Amino acid sequence: MASTAIAAFVPKPRTGSDDVVIIGGGLAGLFCALKLAPKAVTVLAAAPIGRGASSAWAQAGIAAAVGAGDTTDKHIADTIIAGDGIVDEAVIGAMAGEAADRIHDLLEYGVPFDRDLEGKLAVSREAAHSESRIVRVKGDMAGRAIMAALVAAVRKTPSIRVLEGYVAEELIVEDGRVSGVVARDKAGSGEELHRITGTHVVMATGGIGHLYEVTTNPTEARGGGIGMAARAGARLADMEFVQFHPTAIHIGKDPAPLATEALRGHGATLVNSAGERFMLPLHPDAELGPRDVVARGIFAEVKAGRGAFLDCRTAIHDFEAEFPTVYGYCTAAGINPAKDLIPVIPAAHYFMGGIWTDIVGRSSLPGFWACGECTSTGAHGANRLASNSLLEAVVFAARIAETLKAEMRGDAPADWQAGSVTTDEHMTENDHPNMVALRQTMSAHLGVLRDGEGMREALRTILKLANESHSVRFDNVITTAKLIAVCALNRLESRGGHFRTDYPQEMPYWKRRTIVTLDQANAIIPDLLEG
Ligand SMILES: Cc1cc2nc3c(=O)[nH]c(=O)nc-3n(C[C@H](O)[C@H](O)[C@H](O)COP(=O)(O)OP(=O)(O)OC[C@H]3O[C@@H](n4cnc5c(N)ncnc54)[C@H](O)[C@@H]3O)c2cc1C
């Protein structure tokens, strides 16, 4: 039976720790740690760094207006259009404006971004971008290459201590200030709880995809960090906005492999089993329309039993060379994309909601910061523009580091022992019956298409599962799910990633972000359930 005693932190004991504790070893967490050097930093990650993180799975790349003819203003304008009326313009201004500098940082850390014949950064085009602006690596290898470079840089940085296989469960709040985290080792299966304290805590735990039955995200992306922050009293924002990637490859895998949008950027079309290009009547840009529109188009075909397929047969000439990752997924499933159609389905992919932060990554709780997909900075509004999320992760990680460095005294002490503690275990629990029930409910009622009746049913199921919770980790996960359900029920319109069949129009009244605490959300549940 698991012990509930809080053990002293064993691997490298320090009293009165003055390091920064970063929870999460994806792009946001590692970039923040590197930018904080030589300040002492402890990074906790549920899986070995470079694994168990969406960052390593990113295929297309990072949006940055570095191509000929492109400008920061055009990048800002495209993001505002995609975000459907509620993008915070100051935030996207800062983010797009710092994109080139952060790409430069990544080059310095050794990321081998693709170059053109003149040696300039090569850029690709993606849906809803008015210019070619996605900085990439070998076609679809951006995430893997970026993370490989950052992991190597982190391992070489003496001020960064990495605790791999440590799953954070609870924030430590003392005198109203977040001062550390309670975590369990062995990928969360350890019996002992460890208390890891520091001057500041940065949450960088990524997204929520695994709250849904079909997702492109790794198992670790289940909203635990967001739930933990909510339970500690932090403010959350835009929790109703979930982005579904239109084209996950539909071969019954969990997580579902992704067929990058760049395929459609290269001319691949979407057809149903009758060979009809069903997106043509749905949007003037057809397959290159906004993600939510394409996701709904595909969802309708799948639901009607006609299926949806990517046809890459004439558009992509050398699939293996141009899109090696997607090619690998297809061939492993017996699909030859040069000859066969690729079956696709929408999958929970990106979360626009999360821990509310200000423009430097500060949350509403003293001592607590957040960056990457677990946040809602306002940069994405109701619908993220493709490839803006890696950019957001590095921009806000750097902003947090810069702000903390200005606030903090001293670097890593001489007796600081960096190094890592690793585990081979992986986070499991997805097969727990309550997790299975939660994922089914979320997909059935809080997915691509929503309505009041379905969402009320989902909220009732979530409240029941919360009452039956079997672990603190599940408390965190179910809290995030509850907040999504409450905020989605509360918004009586459709906008971006939130589409209600009972309120299909955008309403001027709702042209605003949702900002809420867990207590506030709990207080409106009885009214919401009455309908
Ligand atoms: C298949 C796929 C393709 C994508 N392609 C692109 C793209 O081309 N361009 C783009 O901009 N975006 C893309 N995205 C989105 C982008 O990858 C993510 O938004 C971004 O990588 C998030 O970075 P992050 O550091 O916030 O989170 P992650 O990279 O997911 O890292 C989260 C970290 O937190 C850890 N963690 C989670 N919970 C805990 C816990 N309780 N305790 C301790 N550690 C924890 C995880 O193990 C991991 O180390 C893609 C996403 C997916 C899934």
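**View 1. Make-up of the shell around the ligand.** The shell around the ligand in this predicted model divides into 18 nonpolar, 17 polar and three charged residues. Here Ala, Val, Leu, Ile, Met, Phe, Trp, Tyr, Cys and Pro count as nonpolar, Asp, Glu, Lys and Arg as charged, and the others, Gly among them, as polar. In total 38 residues surround the ligand, a residue being near if one of its heavy atoms lies within 4 Å. The closest are Ser-55, Gly-61, Ala-168, Glu-373 and Ser-389. Helix H11 (388-407) gives the most to the shell, with three residues. Helices (H or I, at least four residues) and strands (E, at least two) are DSSP runs, numbered from the N terminus.

**View 2. Polar atoms at the ligand.** A polar side-chain atom of Ser-389 lies 2.7 Å from a ligand nitrogen, and a polar backbone atom of Leu-390 lies 2.8 Å from a ligand oxygen. Polar contacts are pairs of N or O atoms within 3.5 Å. The protein buries 97% of the 1000 Å² that the ligand exposes when taken alone (Shrake-Rupley method, 1.4 Å probe).

**View 3. Strand S11 and its partners.** Strand S11 (residues 200-203) has His-200 and Val-202 on one side and Val-201 and Met-203 on the other, all buried (under 20% relative accessible area, 1.4 Å probe, protein chains only). S11 pairs in the parallel sense with strand S2 (residues 20-23) over four bridges; pairing needs at least two DSSP bridges. Val-201 is the bridge partner of Val-21. Three bridges join S11 to strand S18 (residues 368-370), also parallel, where Trp-369 is the partner of Val-202.

Residues are numbered from 1 along each chain as its sequence is written. Local features need pLDDT of at least 70, side-chain atom pairs count only at pLDDT 80 or more, totals for chains, interfaces and linings use all residues, and side-chain values use heavy atoms, with hydrogens and water left out.

Note on methods. Buried < 20%, exposed > 50% of the residue type's maximum accessible area, 1.4 Å probe, protein only. Polar contact = N/O pair within 3.5 Å; in protein donor to acceptor, adjacent residues only side chain to side chain.
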